[in-house]
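Trainee: I would like to learn how to read strand pairing and pockets in a model. Can we take the features one at a time?

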Amino acid sequence: MTIIRTENLVFEYRKDDESPPVRAIGGVNIEIEEGSFTAIIGRNGSGKSTFAKNINALLLPTGGAVYVDGFRTSDEGALWEVRRRAGMVFQNPDNQIVSAIIEDDVAFGPENLGIAPDEIRRRVTDALRAVDMYEARAKSPHMLSGGQKQRVAIAGVVAMRPRCIVFDEPTAMLDPRGRREVMDILLRLHRDGITVVLITHFMEEAVKADRVVIMDAGEIVLDGPPAEVFAHSDEIRALRLDVPLTVDLCDRLRRRGHDIPRDIVGVEEMVAYLCR
C-alpha cells in the first residue's frame with residue numbers, strides 16, 4: 001500500500017520580492033510504500049530537505065501535489081490528518097525539544113492531539129523505552145548528550161503514533177557514537193512496521209535502506225535498491241557525491257582484476273565475501 005505519493009511535485013521560492021523564483025524541486029513523481037525504508041541523498045541544494053518538508057506539509061507545493069495516506073497536503077482541511085500520519089525529526093534536536101523535563105516533552109505531542117491522560121502516560125512510557133531513554137525520563141534535556149537529545153526528539157514523534165516518520169539528516173550534528181545510537185533506533189522502528197524516510201548525506205546510512213533515491217537540482221536521478229543504485233558509482237561521483245566505503249573498495253579491487261560481485265554494498269556483506 002502506498003502511503004506517500006507525489007504527482008509532478010514542484011516547489012519554488014523567492015529570495016526577495018524582486019528576484020525571479022528559484023525552483024528547488026522540479027516535477028518529482030514518487031511513491032513510497034507503507035512499511036518501507038527509503039533513504040534520500042544528494043548534495044547541498046539538491047532539494048532533498050525541501051522534499052522532506054513537503055511530505056509533512058511544513059512546505060506546500062507550488063505545483064503538482066503531495067498525498068499522505070490519500071490526504072492531499074495542500075488541502076487545509078486535511079492538514080491535521082497529514083500531521084497525524086507523517087511525523088518529522090529534524091537535524092537539530094534542540095529545535096524540537098520544548099519542555100524542561102524529558103517525559104513532559106515526549107507527552108507534548110499526544111497532548112496536542114487530545115489524547116486521554118492515561119493513554120498519554122502509556123505512550124510516553126512505550127516511546128521512551130523504544131529509544132532506551134526511560135530511565136532518564138525525569139531528567140532535564142539540557143543534561144543530555146546530542147545523541148540522547150535526538151533520541152528524546154524521536155520519542156516525542158513516536159508517542160504520536162505516526163505511520164510514517166521523516167528523518168531530516170538526524171545524525172548530521174552527532175559524533176559517531178551518537179550516529180550509531182540513532183541509526184539503531186531508526187532500524188528498530190522500521191522493523192516494528194513504521195515507514196521510514198531518511199534524508200542523509202552519510203552513504204553508510206543509506207545502504208541500510210530498502211531503497212535509495214538520489215536527487216540533484218531538484219530532480220530524481222537514481223532510484224532503486226542500494227545495490228542497484230550504488231552500481232552507478234561513476235555517475236554518483238560525477239554528481240560530486242561520495243559512495244559507500246565498501247563500494248569504493250570493491251571498485252578499486254575490480255580495477256586490480258578481482259571479480260567482485262556488484263551486489264556488495266554493506267560492510268557485513270563485504271566481510272562475508274572476503275572471508276569466503
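Trainee: Which residue in β10 does Met 215 stand opposite?
Mentor: Strands of a sheet pair through backbone hydrogen bonds, either parallel or antiparallel. In this predicted model, Met 215 faces Ile 220 of β10. Strand β9, residues 211-216, is joined to β10 by 5 bridges, and the two run antiparallel.

Trainee: What is the strand order of the open sheet?
Mentor: The order is β6-β7-β8-β3-β9-β10, 6 strands with mixed pairing. Pairing on one side only marks β6 and β10 (219-224) as the edge strands. On average, neighbouring strands are turned by 20° against each other, direction ignored.

Trainee: Which strands does α5 lie across?
Mentor: Helix α5 lies across β6 and β7 (164-168), and runs at about 170° to β6.

Trainee: What volume does the largest pocket have?
Mentor: Rolling a probe the size of a water molecule over the atoms shows where empty space is left. For the largest pocket the volume is about 520 Å³. Its lining has 21 residues, with Met 88, Gln 96, Gly 109, Val 157 and Met 160 closest to the centre. Elements giving two or more residues to this lining are α2 (79-85), β6 (86-89), α3 (102-112) and α5 (146-158). By class, the lining holds 12 nonpolar, 6 polar and 3 charged residues.

Trainee: How many residues line the second largest pocket?
Mentor: There are 19, and Glu 204, Glu 205, Val 207, Lys 208 and Val 267 lie nearest the centre. The second largest pocket holds about 420 Å³ of space. Helix α6 gives the largest share of the lining, 5 residues. The classes here are 9 nonpolar, 2 polar and 8 charged.

Note on methods: Residues are numbered from 1 along each chain as its sequence is written. This is a predicted model: local features need pLDDT of at least 70, side-chain atom pairs count only at pLDDT 80 or more; totals for chains, interfaces and linings use all residues. Side-chain values use heavy atoms; hydrogens and water are left out. On a 1 Å grid over the protein atoms alone, a cavity is a set of points where a 1.4 Å probe fits but cannot get out, and a pocket is an open set with protein on both sides within 12 Å along at least five of seven lines; lining residues have an atom within 4 Å of a point. Grid points are joined across faces, edges and corners, and a volume is the space filled by probe spheres set on the points. Helices (H or I, at least four residues) and strands (E, at least two) are DSSP runs, numbered from the N terminus. Ala, Val, Leu, Ile, Met, Phe, Trp, Tyr, Cys and Pro count as nonpolar, Asp, Glu, Lys and Arg as charged, and the others, Gly among them, as polar. Two strands pair if DSSP finds at least two bridges between them. Axes are lines fitted to C-alpha atoms, for helices over the stretch in contact, and angles run from 0 to 180 degrees between N-to-C directions. Contact means heavy atoms within 4.5 Å.
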